[in-house]
Amino acid sequence: MASSIATRASAETDLPPPLKESGQREVFCGLTSIVWLHRRMPDAFFLVVGSRTCAHLIQSAAGVMIFAEPRFGTAILGERDLAGLADANEELDRLVAQLLERRPEIRTLFLVGSCPSEVIKLDLAKAAERLNRQHAGRVMVLNYSGSGIETTFTQGEDGALQALIPLMPASDQQQLLIAGTLADAVEDRLVGLFHKLGIKRVASLPPRRSTELPAVGPGTKLLLAQPFLSGTARALIDRGAELIRAPYPFGVEGSRDWMAAAASAFGVAPARVAEVLDPLVERGQRALAPMRETLAGKRLFLLPDSQLEIPLARFLSRECGMELVEVGTPYLDRQLMAEELALLPPGTQLSEGQHVENQLLRVRHQRPDLVVCGLGLANPLEAEGMATKWSIELVFSPIHGIDQAADLAELFARPLRRRRALSFA
Amino acid sequence: MELTLWTYEGPPHVGAMRIAASMEGVHYVLHAPQGDTYADLLFTMIERRDRRPPVTYTTFQARDLGGDTAELVKRSIADAVERFQPEALLVGESCTAELIQDQPGALAAGMGFGDLPIVNLELPAYSKKENWGAAETFYQLVRTLLKPQLPAPGSPKPDPARWRSEGRRPRVNLLGPSLLGFRCRDDVREITQLLASYGIDVAVVAPMGARPADLQRIPAADANVCLYPEVAGTLCSWLERQFGMVCARTVPIGIGATVAFLRELHQLLALELPAELQPAADGVCEAERRSRLPWYSRSVDSTYLTGKRVFVFGDATHAIAAARIASRELGFEVVGLGSYSREMAREVRAAAQELGVEALISDDYLAVEAAIAEAAPELVLGTQMERHSAKRLGIPCAVISTPLHVQDVPARYAPQMGWEGANVIFDSWVHPLMMGLEEHLIGMFRHDFEFVDGHRSHLGDGAPTASSSGVGEPPIIEEAVLPALAGLHWSAEGEAELPALAGLHWSAEGEAELAKIPFFVRGKVRKNTEAFARERGLAVIDSEALYEAKAHFSR
């Protein structure tokens with residue numbers, strides 16, 4: 001492993017130009033991000049302003065959980081609202097007052113834009129300002145768009161975090177800021193390791209309570225835990241933060257590089273980094289070995305979904321020995337993905353955007369051993385005899401960090417092992 | 001604008017998808033923004049289908065709005081027809097596409113697909129919902145396909161007894177079963193078997209499993225069976241008007257309803273009523289013995305079910321059927337009945353009136369939750385949404401209707417209709433209730449360390465949490481503050497932090513007496529006692545007041 005880090009491919013010129021496709025896209029809209037953000041910040045409420053379709057989407061995704069106390073809802077536009085905009089604003093004020101009366105413990109209210117609200121140009125930013133004045137001191141009202149016409153799946157989190165950034169206090173204090181939702185246990189673990197490395201102040205965005213926002217300023221060094229935070233990264237840089245360039249913390253290698261990049265930005269001696277991380281790397285590789293046995297040599301096809309595809313492909317090829325057939329991503333931010341692209345094996349075929357029918361033809365033609373795809377396609381592909389790994393699970397699972405590398409690999413090994421385990425003859 | 005935490009129905013285009021996905025050979029081109037493909041998951045995950053729904057989405061994005069979205073629609077239609085070679089094409093819009101008005105149906109009609117039947121779906125997404133969309137789509141599709149067969153005005157109605165002269169068994173269509181309907185898969189099998197046992201054949205089952213060519217065979221049957229009025233009601237009425245086809249409208253869910261359905265169908269088809277469907281001297285008809293529910297319900301183990309207070313909510317068909325089973329066949333007391341199906345509000349009101357309750361016609365989840373809290377039932381028979389309210393209120397709950405989630409599309413045979421359906425219903429409704437012996441023992445001994453108040457050991461969980469034990473049932477709260485009830489916090493001890501009751505409070509001794517009431521009726525006893533105290537102008541409720549109230553309300 002250490003040698004592969006040393007001899008990493010130098011440039012993305014080794015990659016053929018990505019296939020750019022347009023056609024039917026089989027992806028979620030940004031509203032779906034509510035499904036995990038509501039758990040990260042339990043004192044926040046997500047009010048979608050949209051149609052019955054939007055309400056139906058969220059409850060179809062999250063409704064299998066039984067909620068004593070819902071943390072999201074939809075202000076459903078009716079025909080009267082479509083007739084005149086002034087009326088829609090009054091309606092929204094009324095609904096928000098009603099909601100806050102029912103749920104006095106809400107501290108932050110996100111007004112989430114949708115396709116219908118964007119198309120009729122309902123100004124939710126202005127509505128948030130107005131509602132902030134009305135409910136000053138009780139609740140903070142923010143706005144972002146999760147519409148399908150503008151955002152794909154995880155880009156919803158990018159929008160939500162950007163909405164929080166103006167509320168972050170300013171500070172010149174030296175600190176490490178980790179951006180992107182992490183599982184609680186993973187966050188605790190990573191922060192603990194950064195402390196060990198000698199980085200004293202580590203903050204997270206989003207925080208666990210919406211009211212406990214970290215500060216930001218020229219002393220802030222920004223480390224992205226998730227690859228889909230293009231807007232958030234730029235907005236934090238605008239507030240003075242300095243971006244640490246690193247691959248994303250998936251797998252042993254990516255996580256080590258990610259932590260080492262932060263340590264280097266804080267002037268931690270490489271010897272100290274090695275002292276803290278090398279035992280973890282050794283243990284991580286040991287844990288990974290049985291997964292590698294299942295995955296090595298298997299051909300992998302990733303369909304676009306979350307922008308996690310490129311880092312995951314890098315991890316699965318370099319650390320688990322999988323062969324990459326095609327790596328699809330809904331959106332490719334070359335700047336934020338530069339370190340990852342450099343680590344991909346030469347010749348990796350990327351695709352950006354989607355024409356789902358054509359892409360499925362390529363899947364069927366290639367007959368990969370494992371297809372990473374959304375739930376709309378997973379069972380149909382299984383029925384065609386292909387093993388699939390449904391991709392949404394990757395944003396719901398603790399997959400970041402050296403200690404999680406084996407768990408991450410296990411997510412991909414499991415469907416293959418399961419196929420071997422089942423027999424009905 | 002309407003605040004919705006949970007929605008009982010999806011948008012109307014999801015209803016249209018249900019029709020397309022239930023059928024074979026039908027394709028649906030849906031003008032919709034990127035992201036609306038989430039609806040595929042309803043079929044691939046909840047219904048666990050092994051293929052993609054036959055839907056092509058245009059998935060336009062913001063950048064397309066600057067360009068020619070109509071061109072995108074045409075390209076999608078051309079691609080879909082070329083790729084999938086459908087036998088009939090549905091074209092329609094989702095809610096966002098409705099706002100940009102590209103008229104995809106009209107575009108498709110002008111694309112020169114020869115004699116490919118094309119149905120232009122006009123589904124107003126901001127005023128109608130899923131079931132309406134399904135009913136409208138089913139009706140428009142059949143109407144389009146049957147246009148060439150329309151009888152001339154004034155033609156004589158076909159004789160539903162013509163099977164006799166034609167020397168064959170009578171045959172009927174089963175209309176309404178669809179994907180994402182409640183247990184349609186097994187209901188169709190159960191009803192097909194049931195009819196076969198009375199010598200009646202099934203001609204066409206639709207939309208589930210039918211091709212466009214099958215729909216063209218609908219008029220060849222002797223009668224229609226409207227199994228799911230929410231989906232097939234519009235179509236059955238049209239077939240009655242245009243083709244003179246008779247239609248059985250009784251939905252065979254429950255023993256009484258199944259018997260009534262069979263009698264209705266025999267009459268429509270001029271079939272002689274078999275002896276086993278005729279009421280005997282004791283009012284029991286022999287056919288009902290084909291189900292185990294009547295005996296299970298009569299057996300002594302079920303005695304404790306008598307008068308259990310039950311709240312019923314769902315689509316109109318399942319709610320009405322459930323209320324009838326609950327009150328007549330299981331001996332429950334129906335303390336609330338409601339439906340989100342506004343299209344069938346009249347039928348629900350009539351059923352509620354018969355039971356002496358006020359029907360709740362609402363698609364507002366909060367209103368339903370408030371009505372449940374107010375009625376303080378011991379069992380909720382509702383939808384997936386009522387499971388949320390029941391969890392909050394600590395009340396046992398069983399699902400009887402859509403909306404459903406994946407656990408209600410089970411692998412096992414689980415109909416709701418017919419004789420076996422009644423067996424399934426008996427098991428699944430009684431299961432969440434505390435079993436009789438446990439109920440007695442918890443009423444007698446309240447100091448156990450394992451079988452504590454509210455515990456239902458047959459469900460296999462540990463001791464209940466404070467909020468589900470019902471220890472701190474909220475007192476009567478005026479209508480105006482009901483929404484606030486929903487926001488009540490429960491302390492670790494299980495006592496609600498209650499707003500002060502104006503001029504009325506419980507003495508410690510009164511509270512202690514209340515705590516001795518078995519948990520599932522405690523809410524009702526508290527309400528009754530407070531109402532009684534108010535009526536009598538009492539300021540303090542002590543144990544005597546509680547017993548006075550108990551005597552007052554025991555009729």
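Visitor: At what angle do helix α16 of chain A and helix α2 of chain B pack?

Guide: Two packed helices are described by the angle between their axes and the distance between the axes. In this predicted model, α16 (residues 375–383) of chain A and α2 (residues 39–46) of chain B pack at about 40°, their axes being 8 Å apart. Axes are lines fitted to C-alpha atoms over the stretch in contact, and angles run from 0 to 180 degrees between N-to-C directions. That angle makes α16(A) oblique to α2(B); under 35 degrees counts as roughly parallel, over 145 as roughly antiparallel, 65 to 115 as roughly perpendicular and the rest as oblique. Helices are DSSP runs (H or I) of at least four residues, and strands (E) of at least two, numbered from the N terminus.

Visitor: Which residues make the contact?

Guide: Contact means heavy atoms within 4.5 Å. From α16(A) come Leu375(A), Gly376(A), Asn379(A) and Pro380(A), and from α2(B) come Asp40(B), Leu41(B), Thr44(B) and Met45(B).

Visitor: How many residues of helix α1 of chain B are buried?

Guide: Buried means under 20% relative accessible area (1.4 Å probe, protein chains only). In α1 (residues 12–22) of chain B, 11 of the 11 residues are buried, so this helix is largely enclosed by the rest of the structure. Among them are His13(B) and Arg18(B). Within chain B, buried residues make up 59% of the 555 residues, and the secondary structure comes to 24 helices and 16 strands.

Key: Residues numbered from 1 in each chain as written. Chains lettered and ligands numbered in written order. Predicted model: local features only at pLDDT ≥ 70, side-chain atom pairs only at ≥ 80, totals over all residues. Heavy atoms only, no water. Buried < 20%, exposed > 50% of the residue type's maximum accessible area, 1.4 Å probe, protein only.
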